[in-house]
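User: I've got this one open on my screen and want to talk through its pockets and charged pairs. Can you walk me through it?

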Amino acid sequence: MSVLNKFTKTLSADEKAEILEKFTEIDANKDGFIDLSELKDALDQVGFKLPGYQVREMIDEFQNKQRTSHQGKLNIEEFENLCLDLKSKDVASTFKTVVSKKENLETLGGMSSISSEGTTHSVRLEEQLAFSDWINSNLGYDQDLKHLLPIDAEGKHLYQAIKDGILLCKIINHSCPDTIDERAINKKNLTVYREFENLTLALVSSQAIGCNIVNIDAHDLAKGKPHLVLGLLWQIIRIGLFSHITLDSCPGLAGLLFDNERLEDLMKLSPEAILLRWVNHHLERAGISRRCTNFQSDIVDSEIYSHLLKQIAGNEVDVNLDALRESDLTSRAEIMLQQAAKLNCRSFLTPQDVVNGVYKLNLAFVANLFNNHPGLDRPEQIDGLESIEETREEKTYRNWMNSMGVAPHVNWLYSDLADGLVIFQLFDIIKPGIVNWQRVHKRFTPLRKFMEKLENCNYAVDLGKQLKFSLVGIAGQDLNDGNATLTLALIWQIMRAYTLSILSRLANTGSPIIEKEIVQWVNSKLSAAGKTSSLRNFNDSAIADGKIVIDLIDSIKEGSINYDLVRTGGTEEDNLANAKYAISMARKIGARVYALPEDITEVKPKMVMTVFACMMALDYIPNMDSVPNQNQEPIAVVVNDVTINNTNSHNNTNSNNINNTNSN
């Protein structure tokens with residue numbers, strides 16, 4: 001009997017959206033296909049738990065009868081049809097636990113003239129409610145937001161509250177303090193134009209902390225597109241929640257190491273994996289035999305949560321296990337959340353979110369518990385901690401890579417780049433088509449995985465040489481081993497090549513832009529604007545006080561700088577204040593700056609070059625000064641992947657919608 005029967009049912013828009021999200025996650029190289037060898041994993045992720053022999057029969061039929069458009073691969077349409085067939089046979093007994101219940105989703109039509117017909121987006125109402133409550137709880141005190149907060153109980157006004165950009169800037173600073181200099185935020189006399197400036201500042205700043213905002217711009221936020229707003233908010237909130245799940249913030253994490261493990265092994269784990277270890281650590285200490293393997297199906301009965309809350313509360317707070325006496329799961333979840341409230345940690349979840357196993361919100365709930373009540377003993381001594389603490393340079397590179405939309409998400413440079421897959425994606429962004437994906441091992445077999453990863457790394461070095469990188473002394477083994485010095489050397493050259501490739505494409509001169517031309521452009525721009533400052537090179541000590549960067553911003557966009565805020569004392573404190581203002585103002589005019597203020601004050605030539613290069617890029621694209629009437633809606637100016645890559649294959653290579661970030 002054929003595996004593919006005549007369909008008797010249809011997939012809802014919500015089910016299609018969930019299938020597309022999972023398909024995109026599995027499609028590691030973003031070529032629009034998944035290998036048949038990955039079929040079981042793909043079906044598992046969308047809720048079709050089939051025995052191995054049945055999946056093998058499907059694969060055989062696809063191959064023998066050539067039912068796929070590409071040999072050995074499935075595209076999204078073919079995978080969707082397979083899911084539809086399985087659903088028609090009622091084998092998807094667990095499908096509804098993966099795809100959220102219909103009453104928790106609102107389907108919206110496309111919001112542009114092009115997409116309004118035939119395009120739909122699913123908005124998860126539980127996320128709308130959870131994020132609104134989180135904003136009210138964490139930012140309700142802020143006087144700058146008193147005209148916006150509190151957001152209504154159902155979160156319906158969330159999208160309106162985002163539109164002037166102030167709230168979004170504040171959320172970013174809550175998750176990553178000091179990312180945005182408050183002096184750069186327009187707080188008074190808000191016109192459409194000044195609101196758009198705030199949104200641009202927030203959007204570019206969110207990229208700088210590692211958010212992937214492909215296919216979103218300030219216009220989308222100004223229009224309050226729900227699915228894009230929620231997707232961006234989740235990324236920002238998640239980054240803030242996970243920023244404390246580090247050995248630096250919580251040395252007690254060392255206590256989660258298994259026998260024969262080293263600190264480096266802990267660094268290789270994703271924040272989600274660390275949280276699972278943390279939960280199970282406390283379950284073990286509480287004498288509970290049950291273990292947690294995920295934050296979806298394993299937590300729906302509230303049993304794990306109840307024991308976890310009691311264990312981390314200790315004797316100081318009267319947290320009890322009364323929830324376990326209740327048989328109704330929804331009522332049980334409510335009683336459990338009342339116990340969480342005793343720890344001031346009733347955030348993100350409603351009882352229904354627990355029972356439905358809503359992944360994002362349960363993950364956020366557990367992360368919040370960890371941040372407030374880790375319950376881990378600090379070891380007397382942690383050998384090797386200094387050598388694995390993330391440096392400023394490493395953090396900048398990591399945030400840059402994540403903002404590019406690479407998969408998997410980069411948590412620790414040296415382990416997450418050791419198989420070469422992220423590096424290949426970056427190469428493909430710099431020079432689309434350079435990677436022969438047939439040579440790349442995307443999945444690793446148990447017996448050959450070490451050799452397969454090494455082969456990937458060797459190929460990555462070969463491609464670097466094709467791109468004319470200086471790789472003397474760097475071999476694939478160095479990347480595979482996580483050699484810090486040599487890995488950083490390669491990453492910097494990738495970031496430099498990316499930055500200069502943007503300039504070359506925008507300039508459209510037919511020849512590559514080099515650093516010397518950037519210096520010449522800076523001085524030409526400063527001189528034309530009547531500024532007295534000038535730049536010799538990227539090592540120029542005059543950069544340290546931030547004034548050259550500030551003058552350049554005012555030269556690009558006359559009148560944007562409030563010189564009353566610029567300090568002239570020349571002290572370290574004055575210089576840092578100027579650098580913070582400069583970075584935020586550069587982002588406000590649309591420059592995609594990843595450098596940190598300290599990179600300017602310490603005159604780090606590599607990162608300084610990227611600052612000037614990103615501002616030079618603004619000369620080649622439309623800017624807000626082209627708007628004839630400041631009460632009109634401005635045009636987009638953000639220098640990001642969408643703006644610069646509309647004419648190349650980058651959008652195909654990294655086409656993840658911002659809402660497709662469930663595992664990130």
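**Pockets, cavities and charged pairs**

Analyst: Let's begin with the second largest pocket, which holds about 1,200 Å³ of space. A pocket here is an open set of points on a 1 Å grid over the protein atoms alone, with protein on both sides within 12 Å along at least five of seven lines, for a 1.4 Å probe. Grid points are joined across faces, edges and corners, and the volume is the space filled by probe spheres set on the points.

User: Before we go on, what am I looking at, and how is it numbered?

Analyst: It's a predicted model, where local features need pLDDT of at least 70 and side-chain atom pairs count only at pLDDT 80 or more, while totals for chains, interfaces and linings use all residues. Residues are numbered from 1 along each chain as its sequence is written, and side-chain values use heavy atoms, with hydrogens and water left out.

User: OK. Which helix gives the largest share of that pocket's lining?

Analyst: H19 does, with six residues. Helix H19 spans 392-403, and others that each supply at least two include helix H11 (226-242) and helix H27 (572-588). Helices are DSSP runs (H or I, at least four residues), numbered from the N terminus.

User: And what's the lining of the second largest pocket like by class?

Analyst: It divides into 23 nonpolar, 13 polar and 11 charged residues. Asp, Glu, Lys and Arg count as charged, Ala, Val, Leu, Ile, Met, Phe, Trp, Tyr, Cys and Pro as nonpolar, and the others, Gly among them, as polar.

User: How many cavities of 30 Å³ or more are there?

Analyst: Five. A cavity is a set of points where the 1.4 Å probe fits but cannot get out.

User: What lines the largest cavity?

Analyst: It has 16 lining residues, with Tyr498, Thr499, Ile502, Arg592 and Cys614 nearest its centre. By class that lining is 13 nonpolar, two polar and one charged. Helix H24 (484-507) and helix H29 (605-617) each supply at least two of the lining residues.

User: Switching to charges: how many salt bridges does the structure hold?

Analyst: There are 30, each a side-chain nitrogen of Lys or Arg within 4 Å of a carboxyl oxygen of Asp or Glu. One of them pairs Arg496 with Glu515 at 2.6 Å, N to O. That pair links distant parts of the chain, 19 residues apart, with Arg496 in helix H24 and Glu515 in helix H25 (residues 515-528).

User: Is Arg496 buried, exposed or partly exposed, and which of these is Glu515?

Analyst: Arg496 is partly exposed at 30% relative accessible area, and Glu515 is partly exposed too, at 22%. Buried means under 20%, exposed over 50%, and partly exposed in between (1.4 Å probe, protein chains only).

User: What does Asp554 pair with?

Analyst: Lys531, with the closest N and O atoms 2.8 Å apart. Asp554 counts as buried, at 9% relative accessibility.

User: Last one: where's Gln339, and what does its side chain reach?

Analyst: Gln339 is in helix H15 (residues 329-342). Its side chain reaches the backbone nitrogen of Asn320 at 3.0 Å, and Gln339 is buried, with 5% relative accessible area.

Terms used
1 Å grid on protein atoms, 1.4 Å probe; cavity = no way out; pocket = protein on both sides within 12 Å on 5 of 7 lines; lining within 4 Å. Polar contact = N/O pair within 3.5 Å; in protein donor to acceptor, adjacent residues only side chain to side chain.
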